[in-house]
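Let's take a friendly walk through this model, with a pocket, a sheet and a metal site as our stops. Please have a look at the structure before reading on.

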Amino acid sequence: MVELEVRQLNPLFGAEVIGLEPKVPLDDRTLKTLREMFDKYSVLVFRDLQIDNVFQNYLSYALIGRDVPAPGAVGYRDPEHKAYISNKEATGIAPFGRLLYHSDMMWSDQPCQLLSLYGVDVEEPSQPTVFVSAAHAWKTLPADLRSRIEGRFAEHVHDNSYQRAGGDANVMTAKFADDDKVRLPIGHRHPRTGQMLLYVCQQMTSGIADMPAAESEALLEELFQHLYAPENVFEHHWHKGDLVIWDNLALQHARPNVMADGPARTLRKTFAPMPAMPKIKQPEFSLAGM
Ligand SMILES: [Fe+2]
């Protein structure tokens, strides 16, 4: 096997991995190295890869120590079924607009642990995917803020059409036919790594439980100032052939405004573990200003 080289991309998290030869299965030593890198850096970037949906899905599951679900099992997806974040594909998810910070499925008590995106068609310059670390934010939370959220829970909702656009008409909203929600501790333990996370986000956290709305929003705003501070941000600028795999719980992600008629930005997406199908519903996308 070729020795993998790792290059840290940011002082806090994020690393580029060089030398991966895509194949299914990967040898045990390579897998062990990749898993250690994943848990250490939270987001791994591979460049100039030629990979299909099968390898992307395999690696996504392998990094959290799981096998790809077999046909008939919960989370099984036909390899021919591909999910795209795209402003060009007819069935593209989040086809336009700016996305506020979130972890996918934060409204669920079993959100997926890992997400990946692969650059299928990228016309440069392309808008980046932007990451912050909820783990670092918890570790560095000032004592005053920590005492104010001690023992507190937050509510996270699926339908974010209420969301905090802050006057930006380009923020994308997603209106779902149903509205799942969950109430979880603000100091939340990662189910696989055990690390503590500051578990609130701009896009899906509707409020702090058992607190008047105005007070809740003011406290959330203070938490967001800390969580989304510039020194906690890492941007990945896309090129065709990039594979970016990240811990969906340790990190939150966002993106600046993507225009429907702008440069092509088609990124193939995988989830691990894939949630049960009834939870995956295509929402109605619109812009806050519409
Ligand atoms: Fe997302």
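A pocket here is an open set of points on a 1 Å grid over the protein atoms alone, where a 1.4 Å probe fits, with protein on both sides within 12 Å along at least five of seven lines; lining residues have an atom within 4 Å of a point. A volume is the space filled by probe spheres set on the points, which are joined across faces, edges and corners. The second largest pocket has a volume of about 400 Å³. Among its 22 lining residues, Ser108, Gln110, Pro111, Pro273 and Pro275 are the closest to the centre.

This is a predicted model: local features need pLDDT of at least 70, side-chain atom pairs count only at pLDDT 80 or more, and totals for chains, interfaces and linings use all residues. Residues are numbered from 1 along each chain as its sequence is written, and side-chain values use heavy atoms, without hydrogens and water.

Now to the sheet. Strands are DSSP runs (E, at least two residues), numbered from the N terminus, and two of them pair if DSSP finds at least two bridges between them. Four strands form an open antiparallel sheet in the order β5-β16-β7-β14. Because β5 and β14 each have a single partner strand, one side of each is left without a neighbour in the sheet.

| Strand | Residues |
|---|---|
| β5 | 97–102 |
| β7 | 129–133 |
| β14 | 233–236 |

β7 and β14 pair over four bridges, and Val132 stands opposite Val233 in β14.

Finally, the iron ion is coordinated by His102 (NE2), Asp104 (OD) and His253 (NE2) at 2.1 to 2.2 Å. Donors are N, O and S atoms within 2.8 Å of the metal (3.2 Å for Na, K and Ca); water is not among the atoms, so sites may look incomplete.
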